[in-house]
Amino acid sequence: MSQRTVTEPSGAAGRAGAQAEVLEIGSERGAAVASVETGQELSHMVAATPDGKRAFVSSIGSGTVTAIDVGKRWVLSVIATGKGAEGIDVSPDGSSVWVVNRAADTVSVIDAATLKVTATFESPKFPIRVKFTPDGGRVKVLALRQGADQMDLVVADTGIAIPLEDQTVIFQK
């Protein structure tokens, strides 16, 4: 089985494969110290609450988010959000989880306490990522598909922002 491991700064990692799981990576040796099966198809990205007590895993193939109790290492809930659930982040206050459903062209908002979807709104043209800024600023990303080979990307940032001198090289290879 071919697998790809995606690690996150929080110390959690998602492994995409037939039997998807979330791995806890030890900071001393960089090795897996525990795992939790998501039971979902193509678990991909992980976002943790600010207190580190819960982790949320998006699963592209299942169109779901898996909520995990980090301390007990078990699944609390599997939440249906939309086809192609991928980009995911937790609000700075930990109250909500936002997930981008790329194949459905939607963004879903999950209440982090009740683990229920509280809103889903359209985001046409293949949305793929969502990220909160720590200072509570806003980032607006508009991706416009212009045929099969081209996409226009517009970014507006009211938060800490990217230094002006770095803006010209952000999307270069």
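What follows is a short exchange about one part of this chain.

Reply: This is a predicted model, in which local features need pLDDT of at least 70 and side-chain atom pairs count only at pLDDT 80 or more, while totals for chains, interfaces and linings use all residues. Residues are numbered from 1 along each chain as its sequence is written, and side-chain values use heavy atoms, with hydrogens and water left out.

Me: Is V109 buried or exposed?
Reply: V109 lies in strand β11, residues 106-111. Buried means under 20% relative accessible area and exposed over 50%, with partly exposed in between (1.4 Å probe, protein chains only). Because the relative accessible area of V109 is 9%, this residue is buried.

Me: Which residue stands opposite V109?
Reply: Strands β10 and β11 run antiparallel and are joined by six bridges, where pairing requires that DSSP finds at least two bridges between two strands. V109 is eleven residues from W98 in sequence, yet their C-alpha atoms are 4.6 Å apart in space. The residue opposite V109 is W98.

Me: In β10, which residue is the bridge partner of V90?
Reply: Strand β9 (residues 85-90) runs antiparallel to β10, with four bridges joining them. These two strands form a hairpin with five residues between them. The bridge partner of V90 in β10 is V97.
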